[in-house]
Amino acid sequence: MFFAYEEIMKSELGEEGLRLQQGEHLCLFYDKSPAEQMPALIPFIQEGLAKVEQCIYVADDQTLEHLGGRLEKSGINIGKEAARNRLKLWTRRQWRPLGGLDSC
């Protein structure tokens, strides 16, 4: 499923994501497909990059290549933004290696 940029910006999820303040984050759930996250995710990342903020996405059920392709189709230059250290796309294992969490 691919969403046109105009459809994404007009969606309730897209609007909700854009209301988040600096330092806040999104934790998105979906019913059948990770593509259901795109109406919130794409405008959130686009706006963060436009404001020269760092955006980090931890992928779970979808591959980073799949997500990267969706972001590229929305106009985000993945390679350029990653080289600037403004966009990080991680797998769950890259974000949190196996083992327990230490809250201390």
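Leaving out neighbours within four places in sequence, G48 is in contact with E53 and C55, where contact means heavy atoms within 4.5 Å. G48 sits in helix α3, and helices here are DSSP runs of H or I with at least four residues, strands are E runs of at least two, and both are numbered from the N terminus. This is a predicted model, so local features need pLDDT of at least 70 and side-chain atom pairs count only at pLDDT 80 or more, while totals for chains, interfaces and linings use all residues. Residues are numbered from 1 along each chain as its sequence is written, and side-chain values use heavy atoms, with hydrogens and water left out.

- G48 counts as buried because its relative accessibility is 4%; buried means under 20% relative accessible area, exposed over 50%, and partly exposed in between, with a 1.4 Å probe and protein chains only.
- From G48 to L87 is 39 residues along the sequence, and 9.4 Å in space from C-alpha to C-alpha.

**Helix α3**
- Helix α3 covers residues 38–50, 13 residues in all.
- From first C-alpha to last, α3 reaches 18 Å, close to the 18 Å expected at 1.5 Å a residue; the expected span is 1.5 Å times one less than the number of residues.
- Mostly, α3 is covered, with 10 of its 13 residues buried.
- The buried set is M38, P39, A40, L41, I42, P43, I45, Q46, G48 and L49.
- As background, an α-helix has 3.6 residues a turn, so residues three or four places apart point the same way.

- You'll find S74 in the loop between α4 (64–73) and α5 (78–83).
- S74 is buried because its relative accessible area is 17%.

**Positive phi at V52 and N85**
- Most residues other than glycine have a negative phi.
- V52 is not a glycine, yet has a positive phi of about 60 degrees.
- V52 counts as exposed because its relative accessibility is 59%.
- N85 isn't a glycine either, and its phi is positive at about 65 degrees.
- Look for N85 in the loop between α5 and β2 (87–91).
- N85 is partly exposed, because its relative accessibility is 42%.
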